[in-house]
Amino acid sequence: MDRLEVARFPTLPEAELAAALLRQHGVDARVTDREMANNASHLQFALGGVRVSAPDHQIVQARELVARARKGEFGGLDAEENDEWMTDHTPGKIGELDEQEIQGVLGSAKKAGVAVVIVFFVIFPLAGCVIMALGGG
């Protein structure tokens with residue numbers, strides 16, 4: 001049985017709440033990145049957030065439930081206060097969401113995080129090595 005990504009969330013508590021909601025509705029949901037979020041929370045933004053996964057045979061139901069939660073159907077916050085859970089979904093296509101739509105609010109943030117990691121951990125160190133090698137330091 002394969003597990004697929006249901007959605008990503010900016011924080012561990014949001015991912016835990018989503019997984020709890022899914023389990024309450026009979027989906028075997030798991031917070032896939034719990035260890036990373038606990039041990040390296042400063043990296044979760046760069047890595048695209050905290051993933052929630054479900055078995056492949058429950059993925060349509062799971063994504064539909066998350067989409068409903070993002071629309072505010074399960075009470076709690078009003079839709080205006082719940083914007084970070086919102087994504088733009090075409091009605092009737094919940095089961096056909098592609099990976100870009102699943103990422104929700106973190107799609108562009110993940111790209112920015114990757115760019116920051118590359119600049120600070122690849123380009124700057126390489127530039128320092130080149131400068132040192134050329135006798136500039």
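The model is predicted, so local features need pLDDT of at least 70 and side-chain atom pairs count only at pLDDT 80 or more, while totals for chains, interfaces and linings use all residues. Residues are numbered from 1 along each chain as its sequence is written, and side-chain values use heavy atoms, with hydrogens and water left out.

Arg 3 has a partner. It forms a salt bridge with Asp 28, and the closest N and O atoms are 3.4 Å apart. This pair links distant parts of the chain: Arg 3 sits in strand S1, while Asp 28 sits in the loop between helix H1 (12-24) and S2, 25 residues apart. A salt bridge here is a side-chain nitrogen of Lys or Arg within 4 Å of a carboxyl oxygen of Asp or Glu. Helices (H or I, at least four residues) and strands (E, at least two) are DSSP runs, numbered from the N terminus. Asp 28 is partly exposed because its relative accessibility is 30%.

Now look at the sheet. What is the order of its strands? Three strands form an open sheet in the order S1-S3-S2, with antiparallel pairing. S1 and S2 are the edge strands, and each pairs on one side only. Two strands pair if DSSP finds at least two bridges between them. Strands of a sheet pair through backbone hydrogen bonds, either parallel or antiparallel.

Take the S1 side. Strand S1 (residues 3-9) is joined to S3 by 6 bridges, and the two run antiparallel. Leu 4 has Ala 54 in S3 as its bridge partner. Glu 5 stands opposite Ser 53 in S3. Arg 8 stands opposite Arg 51 in S3.

Now the S2 side. Strand S2 (residues 30-31) is joined to S3 by 2 bridges, again antiparallel. Here Val 31 has Val 52 in S3 as its bridge partner.

How covered are these strands? In S3 (residues 50-55), 5 of the 6 residues are buried, so the strand is mostly covered. S1 is mostly covered too: 5 of its 7 residues are buried. Helix H3 (residues 59-70) lies across S1 and S3, at about 10° to S1. For such angles, axes are lines fitted to C-alpha atoms, for helices over the stretch in contact, and angles run from 0 to 180 degrees between N-to-C directions.

Follow the chain on from S3. Asp 56 is in the loop between S3 and H3. Its relative accessible area is 34%, so Asp 56 is partly exposed. Which residues does Asp 56 contact, leaving aside its neighbours within four places in sequence? They are Met 1, Asp 2 and Leu 4, where contact means heavy atoms within 4.5 Å. Asp 56 and Leu 4 are 52 residues apart in sequence, yet their C-alpha atoms are 5.7 Å apart in space.

Back to charges. Side chains of opposite charge can pair when their charged atoms come close. The whole structure holds 5 salt bridges. One of them joins Glu 5 and Arg 8, at 3.0 Å from N to O. Both Glu 5 and Arg 8 are buried. Another joins Arg 34 and Glu 16, with the closest N and O atoms 2.7 Å apart. This pair also links distant parts of the chain: Arg 34 is in helix H2 (residues 34-39) and Glu 16 is in helix H1, 18 residues apart. Arg 34 is partly exposed because its relative accessible area is 31%. Glu 16 is partly exposed as well, at 23%. Salt bridges that share partners also join Arg 3, Asp 28 and Arg 30 into one network.

Last stop: helix H5 (residues 107-133), where Ile 118 is found. Ile 118 has 41% relative accessibility, so it counts as partly exposed. It belongs to a nonpolar surface patch of about 930 Å², whose members include Val 114, Phe 120 and Leu 126. Patches are made of residues with over 30% relative accessible area and no salt bridge; like charges are joined within 9 Å, and nonpolar side chains (Val, Leu, Ile, Met, Phe, Trp, Tyr) within 5 Å. Accessible areas come from the Shrake-Rupley method with a 1.4 Å probe; for residues, only the protein chains shown count as cover.

Note on methods:
Buried means under 20% relative accessible area, exposed over 50%, partly exposed in between (1.4 Å probe, protein chains only).
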